[in-house]
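Here is a friendly walk through the strands of this model, sheet by sheet. Have a look at the chain first, and then we can go through it together.

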Amino acid sequence: MKNNFVSTRVVKALSIVAVAAVILVSNPLNTFANGGDKKITLNEEQVSVQYIGSKDNSVVFRVEFENPTAAKFWLIIKNDAGDVIYRKQFSETHFAKSINFQKEEADIHPTFVIRNGDNEIVRQFAVTRTVTENTVVTKL
C-alpha cells in the first residue's frame, strides 16, 4: 500500500509539472494568435519636411508625416546647439504642421526629428539669410 501511495504522488507531481509546462509554452502562442506585438517602423518616405518660405518676420517649414497605424509619435525640434526647443506627442494618421522660426541676423540650423519608440527620422537644415542692397542714382 505504501508503494501505491508513493506512485500516486509521483503521478500527481508529474501531471502538475506537465500542465505548468503546457501553460508556459502556449502563452506566447496566444499572443501571436491575436496579431502579436507589432513593432511600428518608420521609413524615409513617410516623413516630409519642406522649407515653405519667409512670411512677415519668420521662416516657415512644413512638417508632414503619414502614420497609417495612428501610432503615437513625437515631433522634436532642436536648435543649433542641439537643445530641444519644441517637443510634442501626436497620433494623427495624416499629420501636417507649419513651423515658424523668427528671422535671425545669424544663420540657423534647425533639426526636425520624428520619433516612434526606438525609431527616428531626422531632417536637418541650414537657413542662411542674405541681405542684398540695391542703390539707384537718378539725375535731377
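How many of the six residues of E6 are buried? Five of them are, so to speak, under cover: E6 is mostly covered, where buried means under 20% relative accessible area, exposed over 50% and partly exposed in between, with a 1.4 Å probe and protein chains only. Please keep in mind that this is a predicted model, in which local features need pLDDT of at least 70, side-chain atom pairs count only at pLDDT 80 or more, and totals for chains, interfaces and linings use all residues. Residues are numbered from 1 along each chain as its sequence is written, and side-chain values use heavy atoms, with hydrogens and water left out.

**Terms for strands and pairing**

- Strands (E, at least two residues) and helices (H or I, at least four) are DSSP runs, numbered from the N terminus.
- Two strands count as paired if DSSP finds at least two bridges between them.

**The four-stranded sheet**

- Strands in the order E4-E3-E6-E7 make up an open sheet of four, with antiparallel pairing.
- Its edge strands are E4 (84–90) and E7 (119–124), and each of these pairs on one side only.
- From one strand to the next, the twist averages 15°; axes here are lines fitted to C-alpha atoms, for helices over the stretch in contact, and angles run from 0 to 180 degrees between N-to-C directions.

**Strand E3 and its two partners**

- E3 (residues 73–78) runs antiparallel to E6 (residues 111–116), and five bridges join the two.
- Along this pairing, Trp 74 faces Arg 115 of E6, Ile 76 has Val 113 as its bridge partner, and Ile 77 stands opposite Phe 112.
- Six bridges connect E3 with E4, again in the antiparallel sense, and here Phe 73 stands opposite Phe 90 of E4.
- E3 and E4 also form a hairpin with five residues between them, and Gly 82 in that turn has a positive phi of about 90°.

**From E6 to E7**

- E6 and E7 pair in the antiparallel sense over six bridges.
- Val 113, which is the bridge partner of Ile 76, has Val 122 as its bridge partner in E7.
- The hairpin of E6 and E7 has two residues between the strands, and Gly 117 in the turn shows a positive phi of about 65°.

**The three-stranded sheet**

- A further open sheet has three strands in the order E1-E2-E5, paired antiparallel.
- E1 (47–55) and E5 (94–102) stand at the edges with a single partner strand each, so one side of each is left without a neighbour in the sheet.
- The twist in this sheet averages 20° from one strand to the next.
- Nine bridges hold the antiparallel pairing of E2 (residues 58–66) with E5, and Ser 58 stands opposite Gln 102 of E5.

- Most residues other than glycine have a negative phi.
- Asp 56, in the loop between E1 and E2, has a positive phi near 55°.
- Asp 56 is exposed, with a relative accessible area of 73%.
- Ala 70, in the loop between E2 and E3, has a positive phi of about 55° although it is not a glycine.
- Ala 70 is partly exposed, at a relative accessible area of 34%.
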